[in-house]
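Take a moment with the sequence and the 3D view. We will walk along a few strands, then stop at one residue.

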Amino acid sequence: MLHSDPNQNKSLGADLRALRKGRGLTLTDLAETLNRSVGWLSQVERDMSEPSISDLREIAQALGVPMSLLFAHSSAPAEEQGYVVRAGSRRPMGSGAEGLVEELLSPDLTDDFEMVHSTFAPQSAMQKPANRPTQEVGYMVAGRLDLEIGGRSFSVGPGDSFRIKHEPYQWANPHDEPAVAIWVIAPPVY
């Protein structure tokens with residue numbers, strides 16, 4: 001059983017299950033990668049066993065997500081869990097190394113999609129193109145962003161939206177102001 005605050009890890013198992021399934025992995029696949037038993041992983045996914053920090057690090061690496069996403073569950077009031085994410089309680093994602101700071105707007109990763117708040121620092125750019133098996137829609141809240149999607153170049157600003165559908169893409173903010181976008185990604189990738 002969990003020894004810490006039950007609200008803190010309430011959706012960790014469900015998120016792990018969603019991330020695993022989103023990558024087309026079975027319990028056996030991930031358990032073998034982690035050198036753990038299927039039973040242990042099943043208990044973690046059902047919130048019946050609490051993984052150690054080392055376990056979380058290995059799970060994050062195996063799933064290709066930042067470790068912070070796995071342990072940053074906030075302790076929202078019980079009546080809000082799974083329904084509301086307060087501005088000060090968003091889970092951070094990624095390292096911010098490329099000048100991109102992302103926060104999860106969705107309450108968890110158990111839906112067919114995830115919603116992300118992305119802030120692109122001035123004079124920042126994605127280092128290499130991404131090509132994910134996802135459908136993504138972005139809405140620009142502020143600033144400007146240069147996009148290359150499937151070999152086509154676009155410049156988008158406040159009020160503009162765009163879609164990336166199973167194709168390589170890259171972003172850049174060569175401007176002096178931050179750019180802010182809201183992304184909807186299906187299936188969840190973080």
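How many bridges join strand β2 to β3, and do they run parallel or antiparallel? Keep in mind that this is a predicted model. The answer is 5 bridges, and the two strands run antiparallel. Strand β2 covers residues 100-104. Within this pairing, leucine 100 stands opposite phenylalanine 120 of β3.

Now turn to β3 itself, which spans residues 114-120. It also pairs with β10, through 7 bridges, and this pair is antiparallel too. Here methionine 115 stands opposite valine 184. Strand β10 runs over residues 179-186 and holds valine 184. How enclosed is β3? Of its 7 residues, 5 are buried, so the rest of the structure largely encloses the strand.

Some side chains still reach the surface. Phe113, Met115, Val137 and Val184 make up a nonpolar surface patch there. Together they have about 290 Å² of accessible area.

Next, find asparagine 173 in strand β9, residues 169-173. Is it buried or exposed? Its relative accessibility is 0%, so asparagine 173 counts as buried. Its side chain has polar partners in the backbone. A polar atom of that side chain lies 3.3 Å from the backbone oxygen of alanine 121. The backbone nitrogen of histidine 175 lies 3.1 Å from a polar atom of the asparagine 173 side chain. Leaving out residues up to four places away in sequence, asparagine 173 touches several others, among them Phe120, Pro122, Arg144 and Pro178.

How values were computed
Residues numbered from 1 in each chain as written. Predicted model: local features only at pLDDT ≥ 70, side-chain atom pairs only at ≥ 80, totals over all residues. Heavy atoms only, no water. Patch = residues over 30% accessible without salt bridge, like charges linked within 9 Å, V, L, I, M, F, W, Y side chains within 5 Å. Areas by Shrake-Rupley, 256 points an atom, 1.4 Å probe, with all protein chains shown as cover. Salt bridge = Lys/Arg side-chain N within 4 Å of Asp/Glu carboxyl O. Helix = DSSP H or I, 4+ residues; strand = E, 2+ residues; numbered from the N terminus. Buried < 20%, exposed > 50% of the residue type's maximum accessible area, 1.4 Å probe, protein only. Pairing = 2+ DSSP bridges. Polar contact = N/O pair within 3.5 Å; in protein donor to acceptor, adjacent residues only side chain to side chain. Contact = heavy atoms within 4.5 Å.
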